[in-house]
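Subject: Structure handover

Dear colleague,

I am passing a structure on to you, with notes on what turned up in it. Please look at it first and then read on.

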Amino acid sequence: MNRIFKIVFFCAAYLNVYSQSQVKVLDKETQEPVMHASVYFPDSKTGTETDESGNFTFETKANSVLVQISSIGYKTYLETLKLNDDTLSVFLEPSLHDLQEIVVSGSSSRLQGENVANVEIVSLNNNAQMQGISLSQKLSETPGISNLSTGAGIGKPVIRGFSGNRIAVFSQGIRVENQQWGDEHGLGLDENGYEQVEIIKGPASLLYGSDALGGVLFFVGERYAIANSLEATFHSEYNTNTEGWRNTGSFKLSKGKFHWNLFGSHTTHQDYEEGNDEWVDNSRFHTTDFKTTFGYTLGKFITSLKYNYLNEKYGLLETRENDGIAKRRNGRNPVLPYQLLTTHLVSSENTFFFDNESKLQVDLGSVFNNRKEFEDEQAEAVNNQQKAALDMNLSTVSYNAKWTSPEINNRWIWILGTQGMYQINKNKGEEVLIPDVETVDIGFYTTADYHYTQESYWQAGVRIDERFIDGKSRGTSDNEQYFPSLSKTYSAFNFSTGIFQQLPQHFSLRLSLSSGFRAPNMFELLSNGIHEGTNRYEIGNQNLKTENCYQADWSLDYKVRHFEFSVNPYFNYIRNYIFLEPSGEIKEHFPVYDYKQRDAYLFGGEAVIHFHPHPLDWLHLEVSYSSAYGQDKDGNCLPLMPSSKINSTVNASFSEKKAMNKLSAFLQYQYSFKQNRIAEYEMPTDAYSLINTGVYLDFNIHKYKFRADVVVNNLLNKCYYDHLSRYKAEGIYNIGRNFIFKLTVPIHATLENK
């Protein structure tokens, strides 16, 4: 027994032997220590900061570690450190405005400006210049991104003219499935608890499979608190236009190898007001969100368990004699018709490190989504609660597994991966839009990175996929609500290749050619019913084929100390593009729309200029232009193409050492061009311009830190229609002037390290 005890003790001691490494961070030009630099380990999502001597220490059993180091006034450092010595030195290159974030959504870890794929990174933490009430509207400030809206609270991002099931959404390492084919509800995510969202513009089926034909929204969770510390943040926001409140809180604890994050939020808005001082009836909504993450680092194994709960209640506009316009507000609780959405997301992210410096990442997850629509006041009540006319459950189980090889000859890195999904859709209500359906996905891929110089590389990959859809029959053929059975298999082969090349005279070039695919979703194949939020009757088409696209994307960037410029054109050819077209019939008082297919082309681009003149380093001028055009092979314009836009922003920021730490102000001018390149059944949209402005202040009261924001959107109270507003057809304008008042209180405490 004593011998067994000694063996067990020895094994346990061996498993917990960690080597401690110290790294010194220095200025590359002066060789002086860089104090209080932010140090982040992307694999474990943990971090620390350098001390007064520019040093930081960490413990690991691995032979190498990926580290990101950033500090104001320096270019972001991202490298894999080889832990051969007890003390290492890292040199940061001085640069006034080159703080970049690491791209998590790619096949390998790179900074945004060095990625082959076109990826936009949008910060979700205290970003005062993100305008809007819905998350989708806030993301539409990004060049190439638009917002397909249903009122002020419901929105879906549009990436270069693609939306809905053509955009894959990932959170907590797995794909979010929440019946995203429906245009009348939003993303199904709350931004609280996310550090940033990475937007891949263009086909990303190589890494993310079906539905990533038009792009990907990859939400990155907030990192853990720095080592051995406790962090908390409280945030309150008030919107004058809707008398809306948004209150959020976060709590983070990092102690040794254990990490815990906790987030919560509640949002409530009344009906929004147009620029002509009229309220839009039943545009009110409220949401409640809860997220928590448990993380643990054990030698060469890192794991985290995550849970997210989101409850959303949205009022829906119903076509009435007064066109949905009200003369007064009627409270915060939506009235009929309204929808209630509930989402539960559970996932586990795991990373294994091996002695040969390769690693294996395995993400497992489950998403449960329930969608209810309440329409009829005379419907039977159950337990004194209104019975839902539409009641659908969508349950999804998925996995992602990816093995990354060690660097071969200091040039090659190989990745092998597989993804899969099993999904069940079930109906519980009397109204049925689609029958019960089972969907199975499985895919395998491989990619290779080849560094032919230190700062330039080539990337390529291939992938194969299968999707199986099995729909159950419902009703009888002589019934209007009949759904025939369906059994389909869709196969796809995809590829991607591209280069990132540093050029002389401060230029860099990115070129990529990639393919994408999307199997028809169950709604396009099987739908037969009314969409209350879109006011139309939609009929599916079982003969639809797989969509395939091929995109050429190139980007030329120029960057010097005080000036940056980039231009990014693209061309996308889509075979079997699926779209809705009115048939001219009327069913149950609604126009009938059929699903059709035709080859199509999408093309356009973005351009951005960023100027921060010397010696006025506190001043930033940024101008962006974006456009997207779509037409079928016969020259007919595609529906729901966003207007071309120009966005100009002047930002001034001042830092102080006294009670006021930082004062920033911005003035933004947005111009949306007239949209007359429209489908036959669409209405043209006039040009409009908006002015937004705001000021935000970081300050101290005694030892406590605060942040205050005052922002006003649509300063001139403009009456306008956005081309992608679904309320435009009802003659209802977008939201009018809106003042936003925010207060943020961060708290930080250091824990004893024992």
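This is a predicted model.

**A hairpin and its covered strand**

Strand S11 (residues 145-150) pairs with S12 through six bridges, and the pairing is antiparallel. In this pair, threonine 150 sits opposite isoleucine 154 of S12. The two strands make a hairpin in which three residues lie between S11 and S12. The turn contains glycine 151, whose phi is positive, at about 85 degrees.

Is strand S12 (residues 154-159) mostly covered or mostly open? It is mostly covered, since six of its six residues count as buried under the cut-off of 20% relative accessible area. Ile154, Lys156 and Val158 point to one side of S12, while Gly155, Pro157 and Ile159 point to the other, and all of them are buried.

**The chain as a whole**

The protein chain has 754 residues, and 55% of them count as buried. Its secondary structure consists of four helices and 44 strands. Among contacts in the chain with a separation of 6 or more, 64% are between residues 24 or more positions apart.

**An open sheet**

Four strands form an open sheet in the order S3-S2-S5-S6, and their pairing is antiparallel. At its edges are strand S3 (46-49) and strand S6 (77-82), each of which pairs on one side only. On average, neighbouring strands of this sheet are turned by 25 degrees against each other, direction ignored. Within the sheet, strand S2 (residues 38-41) is joined to S3 by four bridges, and these two run antiparallel. Phenylalanine 41 has threonine 46 in S3 as its bridge partner.

Isoleucine 499 belongs to strand S32 (residues 486-502). Why does isoleucine 499 count as partly exposed? Its relative accessibility is 24%, so isoleucine 499 falls in the partly exposed class, which lies between the cut-offs of 20% for buried and 50% for exposed. Leaving out residues up to four places away in sequence, isoleucine 499 touches Val116, Tyr452, Tyr457, Trp458, Leu509, Arg510 and Leu511. Isoleucine 499 and aspartate 449 are 50 residues apart in sequence, and their C-alpha atoms are 9.5 Å apart in space.

In soluble globular proteins, nonpolar side chains tend to be buried together. In this model, the largest nonpolar core has 20 residues, of which Leu124, Val197, Leu217 and Phe219 touch the most other members. At least two residues of this core come from each of helix H2 (135-139), strand S13 (167-171), strand S15 (194-201) and strand S16 (215-221). S15 provides the largest share, three residues.

What is valine 197 in contact with, leaving aside its neighbours within four places in sequence? Its contacts are Glu120, Ile121, Val122, Leu124, Leu139, Leu217, Phe218 and Phe219. A second, separate core has 19 residues, among them Leu390, Ile434, Met522 and Leu580.

**Cavities**

How many cavities of 30 Å³ or more does a search of the whole structure find? The search finds eleven. The largest cavity has a volume of about 680 Å³. It is lined by 42 residues, and those closest to its centre are Ser140, Lys645, Gln670, Tyr688 and Asp722. Two or more lining residues come from each of S11, strand S39 (619-632), strand S40 (645-655), strand S41 (660-672) and strand S42 (688-701). S39 gives the most to this lining, with five residues. S11, listed here among the lining elements, is also the strand that forms the hairpin with S12.

Regards

Key:
Residues are numbered from 1 along each chain as its sequence is written. This is a predicted model: local features need pLDDT of at least 70, side-chain atom pairs count only at pLDDT 80 or more; totals for chains, interfaces and linings use all residues. Side-chain values use heavy atoms; hydrogens and water are left out. Two strands pair if DSSP finds at least two bridges between them. Axes are lines fitted to C-alpha atoms, for helices over the stretch in contact, and angles run from 0 to 180 degrees between N-to-C directions. Buried means under 20% relative accessible area, exposed over 50%, partly exposed in between (1.4 Å probe, protein chains only). Contact means heavy atoms within 4.5 Å. A nonpolar core is a set of buried Ala, Val, Leu, Ile, Met, Phe, Trp, Tyr and Cys residues joined through side-chain atoms within 4.5 Å. On a 1 Å grid over the protein atoms alone, a cavity is a set of points where a 1.4 Å probe fits but cannot get out, and a pocket is an open set with protein on both sides within 12 Å along at least five of seven lines; lining residues have an atom within 4 Å of a point. Grid points are joined across faces, edges and corners, and a volume is the space filled by probe spheres set on the points.
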